[in-house]
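Dear colleague,

I am handing over a structure that you have not worked with before.

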Amino acid sequence: MTDLGVKLLRNRWLVRSPIWAFRARLGFLFGGRLLLLEHIGRTSGRPRYVALETVDRPDTDTVVIASGFGETAQWYRNLLAEPQCRISIGTRYRAPAVARVLDREAAAAVLDGYRIRHPKAYRKLSAIIEGATGRDIGTVPLVELSLRS
């Protein structure tokens, strides 16, 4: 199952397929577990899109996501260069947000909460991240997205 998860994670078409559902304003179908992140390319200055799983949602205006591919993920690098972004999640569509990388202590607390709330998903995600990147889930950066009203 882990090998399948790694292969699916590397399949560009499959990973990008939820983007079309979000653009059609069907993000509510994912029940808040997935979001569409619209960010600005640090070199091109053009809008870029990625669908990501949420790790935590402490309140309706805050979402935490993990950069499973670490500091080399393009969306992560783009948010470091320009933290202003938009997210679509649930019934919210292209809501303005600001990104902030969590420090190691805060990230560890979030991952502990995820492990407790979703033990099966945590085990699968850990195995997939380790298989795809060779990194432990505890080392991946977490990003907090704060929605602005």
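The notes below cover aromatic rings, charges over rings and one glutamate.

This is a predicted model, in which local features need pLDDT of at least 70 and side-chain atom pairs count only at pLDDT 80 or more, while totals for chains, interfaces and linings use all residues. Residues are numbered from 1 along each chain as its sequence is written, and side-chain values use heavy atoms, with hydrogens and water left out.

The structure holds three aromatic pairs (rings of Phe, Tyr and Trp, the last by its six-membered ring, with centres within 6.5 Å; planes under 30 degrees apart are stacked, over 60 edge-to-face, and the rest tilted). One of them joins Trp75 and Tyr76, and it is edge-to-face because the planes stand at 85°, with the ring centres 6.2 Å apart. Another, between Tyr114 and Tyr122, is tilted, at 6.4 Å centre to centre and 55° between the planes. Tyr114 is buried, with a relative accessible area of 1% (buried means under 20%, exposed over 50%, partly exposed in between, with a 1.4 Å probe and protein chains only).

The charged end of Arg23 sits over the ring of Trp20, 5.1 Å from its centre, and also over the ring of Tyr49, 4.3 Å from its centre (NZ of Lys or CZ of Arg within 6 Å of the ring centre and within 35 degrees of the ring normal).

Glu38 is buried, at 11% relative accessible area. Glu38 and Leu79 are 41 residues apart in sequence, yet their C-alpha atoms are 9.9 Å apart in space.
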